[in-house]
Amino acid sequence: MSILAMNSTEGSRQIRKTVIVYLILTAVAIAVANIYAQFSHGVRSAAMTLMFLYPLLGGAVFYFTLGLIVPRISDRRNYRLYYNIYNSSIAVLTVGSLLKGILDIAGTASGYVLLFQVAGWGGAAAGLVCLIAMIFKRRELS
């Protein structure tokens, strides 16, 4: 096995692990929504029912596509900065959706739910800017 093949395997393993973790989080989000609906006498909220879309589309599908387009992205410099910012924003969006669902089922509202949305989408945009800057900076050097 050559060094090039080992590096390629290591980078794709990191992406594959991230996709698997996001798929597990998607299953957990679906389970939480269904369990909560059982204890809320069948009352459901669209925000809670659809909160699984953040880890599924923003996490698993996104990283799967990223791994196909840029296979060794995790080997690049500053990848960890992008990774932490983007994943934190997906977590904020998911928790914000859960909180909105709980408040909807309880029949109340809060202004703090908007802060989750603003922080989550802002963090996702910042993470994507870091990703794009990392990709273009790498191409200029090579």
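Helices (H or I, at least four residues) and strands (E, at least two) are taken here as DSSP runs, numbered from the N terminus. On that basis the chain holds five helices and zero strands, and reading along the sequence gives the pattern α-α-α-α-α. The model is a predicted one, in which local features need pLDDT of at least 70 and side-chain atom pairs count only at pLDDT 80 or more, while totals for chains, interfaces and linings use all residues. Residues are numbered from 1 along each chain as its sequence is written, and side-chain values use heavy atoms, with hydrogens and water left out.

Of the 142 residues of the chain, 35% count as buried (under 20% relative accessible area, with exposed meaning over 50% and partly exposed in between; 1.4 Å probe, protein chains only). Where contact means heavy atoms within 4.5 Å, 76% of the contacts between residues at least 6 apart in sequence join residues at least 24 apart.

We can now turn to one helix pair. Two packed helices are described by the angle between their axes and the distance between the axes. Helix α3 (residues 53-69) packs against helix α4 (residues 79-106) at an angle of about 155°, with the axes 9 Å apart; axes are lines fitted to C-alpha atoms, for helices over the stretch in contact, and angles run from 0 to 180 degrees between N-to-C directions. The angle makes α3 roughly antiparallel to α4 (over 145 degrees). From α3, the contact draws on Tyr54, Pro55, Gly58, Phe62, Tyr63 and Leu66, which meet α4 residues including Tyr82, Tyr83, Tyr86 and Ile90. The residues of this contact divide into 11 nonpolar, four polar and no charged (Ala, Val, Leu, Ile, Met, Phe, Trp, Tyr, Cys and Pro count as nonpolar, Asp, Glu, Lys and Arg as charged, and the others, Gly among them, as polar).

Helix α3 also has a kink of about 30°, centred on Phe62, the bend being the angle between axes fitted to the seven residues ending there and the seven starting there.

The aromatic rings complete the picture. Rings of Phe, Tyr and Trp (its six-membered ring) pair if their centres lie within 6.5 Å, with planes under 30 degrees apart counted as stacked, over 60 as edge-to-face and the rest as tilted; the count comes to 10 aromatic pairs. Phe62 and Tyr63 are edge-to-face, at 5.5 Å centre to centre and 80° between the planes. Tyr63 counts as buried because its relative accessibility is 0%. Tyr82 and Tyr86 are stacked, at 5.8 Å and 25°; both are buried and lie in α4 four residues apart, about one turn of the helix. Ring pairs link Tyr22, Phe62, Tyr63, Tyr79, Tyr82, Tyr83 and Tyr86 into a cluster.

Definitions and conventions. Angles under 35 degrees count as roughly parallel, over 145 as roughly antiparallel, 65 to 115 as roughly perpendicular and the rest as oblique.
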